[in-house]
Amino acid sequence: MEPYIRMVGITKKFPGVVANDSVNFEVYKGEIHALLGENGAGKTTLMRVLYGLYRPDAGKIYVNGNEVKIGSPTEALRLGIGMVHQHFSLIPYFTVAENVAIGLGSWRNGLEIEKIKAMIKDVSEDLGLYVNPDAYVHQLSVGERQRVEIIKMLVRGVNVLILDEPTSALTPQESQQLFNVLKRMKDGGRGVVLITHKMYEVMEVADRVTVLRRGRVVLNALKGEISEKALVEAMVGKEVILGSPEKRSVPQKGALSVEGLVVKGDRGEVAVNGISFVVRGGEIVGIAGVAGNGQRELVEAIFGMRKAVSGKITVDGVDITNKDIRDRVSAGLELIPEDRLGTAVIPKLSLFQNAILHERWWDPYSKMGVLSISKARDLAKRIINSFGVATPNEQVQAGSLSGGNIQKFVVGRSMARGARYLIAVNPTAGLDVAATDSVRKTLVEFRNSGGAVLLVSEDLDELLSLSDRLYVIYRGKLVKEFLPQFDRLAIGEAMMGGQQ
Ligand SMILES: Nc1ncnc2c1ncn2[C@@H]1O[C@H](COP(=O)(O)OP(=O)(O)OP(=O)(O)O)[C@@H](O)[C@H]1O
Ligand SMILES: [Mg+2]
């Protein structure tokens, strides 16, 4: 049987990264095809190419056997391809039917709302996609909104529906309802692409599985032909990693300690659900997990950017649970945030201004609230020289540097300040090999000199090569602790909820 969609040799590059590298991918009508891979593996990119949001640098796409160029979502929809994104695009103060009408462009072609309602009824009834067409979107639950997004695609007659991590914000019951809908779609002869990080979802609904790793297809198989273990192995790779690369020092006195921490997320949900751990001086403790399992809220609570609902955070025995950031910094805590341009540096300010961004409260940079420019410059020069930041001088805007050099500057700044407890979040994301090396070396040296590092990273290789111990975080809990030599497969399974 000819696949409905055939993508051949798709390559898509972004500056500094090959997101898709000669990828072949097919979708048949009447199948649920799971697309798996670690964070950053290239899943969303590949589907955005198919949905006409990205132009591939190379490769061909065939629909129903005919080669096509898909220049926009409108063209994709015309070819029967629909996509539901992770972040919905509904208008909250419009009704369901009105939102569907907008998708159909009915302002232009004069479709009446009663007709739209009939269409909604038509596509949703036999799929079990229950939603009231007269309800306002802002009144709907996340699961219901997602149904509206799916309906919007169905009324346009899609043959293949792509869902990008559709269950990440759903309750287990809502997920189950969604799967029932997907199964009915497949039975009705449509194809479904399901991007997911959850093993049980693959096992429950998928007919076929493709695994991407670093932009390449590493596995394509029918689900019945493949074990759970083999899937995880394809995802995380099977190289043996021996743990911390350089001789570790003996854990020292002093620790960052977190006890029974509970933190809420942006939607008021419990994002961190009773987490406890200790990071001692002289060790790097890794947190592994699929993005969105509470990492961000955990880090923000430790650094004071988000309130702890309950629990206790101490540094060197000093309770900082309810202290502001400034007190945390003076207790020796430092953050290397993920978001370099924005949180870590202010792009429009010079490097020397950025050098004292958190320092401006203290001597010698600030005397009675007056900043000492020459001291700030000296500090910036020291950071630039010690950490090999490539820049003409300390007066240029931070935003004019390359990402790698900004990060070297940010890491150097933390070191220069004499922090003893460092939280590093994806510290090498998006950096080239040389900058990555330099940042990692700095972390290891910091550890070797007695510093404590909490390393939160989406890059499993980074975690395995730097950590002295690591935890897997899953749905707001540390589900398992691992010691070197790290069992990559077991870590991968825990990340996908396999231990639950
Ligand atoms: N618009 C973009 N501009 C620059 N780089 C991008 C862009 N979109 C994705 N990338 C990069 O391409 C790579 C693949 O990203 P992609 O979003 O496709 O991964 P993914 O498999 O969907 O990951 P996740 O599971 O985290 O959603 C990553 O390195 C990412 O940083
Ligand atoms: Mg993605």
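Author: What follows treats the requested helix and the residues beside it, then the chain, its domains, the ligand shell and a few single residues.

Residues are numbered from 1 along each chain as its sequence is written, with chains lettered from A and ligands numbered from 1 in the order in which they are written. The model is predicted: local features need a pLDDT of at least 70, side-chain atom pairs count only at pLDDT 80 or more, and totals for chains, interfaces and linings use all residues.

The part in question is helix 17, residues 488-495. Helices (H or I, at least four residues) and strands (E, at least two) are DSSP runs, numbered from the N terminus. Helix 17 is mostly covered, with 6 of its 8 residues buried. A residue is buried if 20 or more other C-beta atoms lie within 10 Å of its own, exposed if 12 or fewer, and partly exposed in between, with C-beta atoms placed from the backbone. The buried residues of helix 17 are R488, I491, G492, E493, A494 and M495. The cover over these buried residues includes helix 9 (228-236), strand 13 (283-288), helix 16 (460-466), strand 21 (469-474) and strand 22.

Both ends of helix 17 have a backbone feature to note. The loop between strand 22 (477-482) and helix 17 holds Q485, and the peptide bond that joins P484 and Q485 is cis, with omega about -5°. Just after helix 17, G497 has a positive phi of about 80°.

The setting is a chain of 17 helices and 22 strands. Its radius of gyration (taken over C-alpha atoms) is 25 Å, close to the 23 Å that the globule rule gives for 500 residues, so the chain is as compact as a globular protein of that length. The globule rule is 2.2 Å times the number of residues to the power 0.38. The C-alpha trace spans about 70 × 50 × 45 Å along its principal axes. Of the 500 residues in the chain, 46% are buried. Among contacts between residues at least 6 apart in sequence, 68% join residues at least 24 apart; two residues are in contact if their C-beta atoms, placed from the backbone, lie within 7 Å.

The domain assignment, which is automatic or from a database, gives domain 1 (5-236) and domain 2 (252-495). The contact between them takes 11 residues from each of domain 1 and domain 2. On the side of domain 1 that touches domain 2, 3 residues are nonpolar, 5 polar and 3 charged. Here Ala, Val, Leu, Ile, Met, Phe, Trp, Tyr, Cys and Pro count as nonpolar, Asp, Glu, Lys and Arg as charged, and the others, Gly among them, as polar. The C-alpha centres of domain 1 and domain 2 lie 35 Å apart.

Next comes the ligand shell. The residues around ligand 1 include F14, N39, K43, T44 and A291; a residue counts here if its C-beta atom, placed from the backbone, lies within 6 Å of the molecule. Strand 2 (17-27) and helix 1 (43-50) each supply at least two residues of this shell, and the largest share, 3 residues, comes from helix 1. By class the shell has 5 nonpolar, 6 polar and 1 charged residues.

Two residues other than glycine have a positive phi. N64, in the loop between strand 4 and strand 5 (66-68), has phi near 55°. N64 is partly exposed, with 14 other C-beta atoms within 10 Å. D316, in the loop between strand 14 (308-315) and strand 15 (318-319), also has phi near 55°. D316 is partly exposed, with 17 other C-beta atoms within 10 Å.

Q395 lies in the loop between helix 13 (373-386) and helix 14 (403-416) and is exposed, with 12 other C-beta atoms within 10 Å. Leaving aside its neighbours within four places in sequence, Q395 is in contact with S350 and F352. The C-alpha atoms of Q395 and L351 are separated by 5.9 Å, although these residues are 44 apart along the chain. S374, in helix 13, counts as exposed, with 9 C-beta neighbours inside 10 Å.

As for confidence, the chain averages a pLDDT (the predictor's confidence in each residue, from 0 to 100) of 89, and 93% of the residues score at least 70.
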